[in-house]
Amino acid sequence: MTSVDAKSALQIGKKAVQRCITTGCEASFGLAERIYVCPRCSGPLEIEFDLENAESIGDPKSLRTRWHDRLLSTDSRDKSGVWRFRELLPFDDDAPIVTLFEGNTPLYDAPRSAEFAGLTALRLKHQGCNPTASFKDTGMTTAVTQAALLGAKTVVCASTGNTAASLAAYSARAGLQCAILLPFGQVSAAKLAQSMDYGAAICEIDGNFDDCMRMIQELSNEPSIYVANSINPFRIEGQKTVAFEILEQNDWRVPEHIVVPGGNLGNSSALGKGFGEMLRLGLIDRLPKISVVQAEGAAPLAHLFRKWQQHEKSSDVPDVIEFVEHPNTLATAIKIGSPVSWKKAIRAVIQSHGQVISITEQELADAKAVIGRDGIGCEPASAATLAGIRKLVAAGKTQKNESVVAVLTGHVLKDPDYVSHYHRGTLAIESHVPGKPAARHSIKGNFGNAPVRVAANKHAILENLEKRH
Ligand code: F0G
């Protein structure tokens, strides 16, 4: 324990419960209960802290200094950008943690992306700079720590690729068996390769992600199994720390707007929880707007939000959603029709006065290439953010001078096939809806940058460069 930590003997974890978020139920359960939904009403669970009565924190404002000081510490918990914030994690101070030193990711200025979106400035929080190259690591460190504490034998998840790669790595670190369910033929080769390398048992399921998720729900009753999808509230606890990091990196000024891609909707839920806790502790005095962007072929939350805006005109959070039966997008990470965390996500959006919108495949592909031109790069799903911001600015829903942070969720090397096809002008999306003829739609390489074959002589190379000018 560093001297910094000696001051912060952690009691907050002991005061936390797992709470059902369904209005009227709100049942609470102990942290050691191996449950993923409310046993009473099947509603979503979240970890609830008694923040207002957490004497161990002392003056909440001192947390900022403590968290910042830990950046210089050599304690392995302090080297993690998740466990550095452990006063707000539901674990005892001496819990043995499973970490790969996740978090502490960069917040970049992105001038070309800003110009493309019609903003004066834009910052990109690159969660692809995590150990397995996606934001999932920040949640997996807490979920796998909890799995080990509960004595689980096997950890499982359904995944479009990133959750699987992350779980495979963290369970290898913990010495736990890992089983992952992936939709056959719908996961990028790079993500699949990661899971193979980390030693997971990989089950390629005949079906889509939503079918895999259904299988997980059936498996979750097995006593030896621990589910690490974002339905698990301990995952969200790790993921919420990205909100703390964004604030810290912005000198605790609240950005006006945070934009994330939406798939299974754990990430948007986690951001809502993170900023909400900062507000309750008085570390910030308002919430940023949290907006979610989905691909138009897999946009159940965007449909729900549109309906809510048109008809409800109330601050009540909707409690029914229509799922998308045949989700389709080339951004395979977010090819999800039945997101498990939609209730938490819509609540986070409505409470913060954000938006949920969808964007086309072409808009997403071009935005991805523009992020690349900022020297940053990301995987396709992450670029939904920039495409969405551009659309919000064009519609007058986001102002030119707003301070906006887009969360990039995965690294550019996660899906090299997509990148290559876009730049060569061969990217296309196929749709296979049962009962309808298969259709193929080409995506233009508007910002394409295909390699050219050049003779092995200096003049040919210089001539080629001249032409590009
Ligand atoms: N971006 C990337 C790169 C993702 O991998 C995911 C989700 C999302 C965005 C959406 O985040 O689900 O929290 O709304 N990937 C999951 C997976 C589903 O299995 O890897 P979300």
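**Notebook: spaces, rings and charge pairs**

I began with the lining of the largest pocket and sorted its residues by class, which gave nine nonpolar, 13 polar and five charged residues. I note at the outset that the model is predicted. Strand 14 gives the most, with four residues.

**Enclosed spaces**

I then turned to the cavities, and the structure holds three of 30 Å³ or more. The largest cavity has about 270 Å³ of space, and of the 24 residues that line it, Phe135, Lys136, Asn264, Ala333 and Ile334 lie nearest the centre. Two helices, helix 6 (162-174) and helix 11 (266-280), each supply at least two residues of that lining. By class I recorded nine nonpolar, 12 polar and three charged residues for the largest cavity.

For the second largest cavity I wrote down about 50 Å³ of space and a lining of 10 residues, of which Trp83, Arg86, Phe91, Asp92 and Asp93 lie nearest the centre. Its lining has six nonpolar and four charged residues, with no polar residue.

**Aromatic rings**

My search for aromatic pairs returned nine in the structure. Ring pairs link Trp67, Phe85, Phe244 and Trp252 into a cluster. I also looked for charges over rings and noted Arg390, which lies over the face of Phe116 at 4.2 Å from the ring centre.

**Helix 13**

Is helix 13 largely enclosed by the rest of the structure, or is it open? I found eight of its 11 residues (342-352) buried, so the helix is largely enclosed by the rest of the structure. The buried residues are Trp342, Lys344, Ala345, Ile346, Ala348, Val349, Ile350 and Ser352. Just after the helix, I noted that His353 takes a positive phi of about 60 degrees.

**Salt bridges**

Over the whole structure I found 21 salt bridges, and I followed three of them in detail. In one, the side chains of Arg19 and Glu48 meet with 2.9 Å from N to O. Arg19 belongs to strand 1 (residues 17-20) and Glu48 to strand 3 (residues 45-48), so this pair ties together parts that are 29 residues apart in sequence. I checked how open the two partners are: Arg19 counts as partly exposed at 24% relative accessibility, and Glu48 is partly exposed as well, with a relative accessible area of 31%.

Another salt bridge joins Arg77 and Asp75, whose closest N and O atoms are 2.9 Å apart, and here I found both residues buried.

The side chains of Lys125 and Glu245 also meet in a salt bridge, at 2.5 Å from N to O. Lys125 lies in strand 5 (residues 123-126) and Glu245 in helix 10 (residues 241-249), so the pair ties together parts that are 120 residues apart in sequence.

Technical notes
Residues are numbered from 1 along each chain as its sequence is written. This is a predicted model: local features need pLDDT of at least 70, side-chain atom pairs count only at pLDDT 80 or more; totals for chains, interfaces and linings use all residues. Side-chain values use heavy atoms; hydrogens and water are left out. Ala, Val, Leu, Ile, Met, Phe, Trp, Tyr, Cys and Pro count as nonpolar, Asp, Glu, Lys and Arg as charged, and the others, Gly among them, as polar. On a 1 Å grid over the protein atoms alone, a cavity is a set of points where a 1.4 Å probe fits but cannot get out, and a pocket is an open set with protein on both sides within 12 Å along at least five of seven lines; lining residues have an atom within 4 Å of a point. Grid points are joined across faces, edges and corners, and a volume is the space filled by probe spheres set on the points. Rings of Phe, Tyr and Trp (its six-membered ring) pair if their centres lie within 6.5 Å; planes under 30 degrees apart count as stacked, over 60 as edge-to-face and the rest as tilted. A charge sits over a ring if NZ of Lys or CZ of Arg is within 6 Å of the ring centre and within 35 degrees of the ring normal. Buried means under 20% relative accessible area, exposed over 50%, partly exposed in between (1.4 Å probe, protein chains only). A salt bridge is a side-chain nitrogen of Lys or Arg within 4 Å of a carboxyl oxygen of Asp or Glu.
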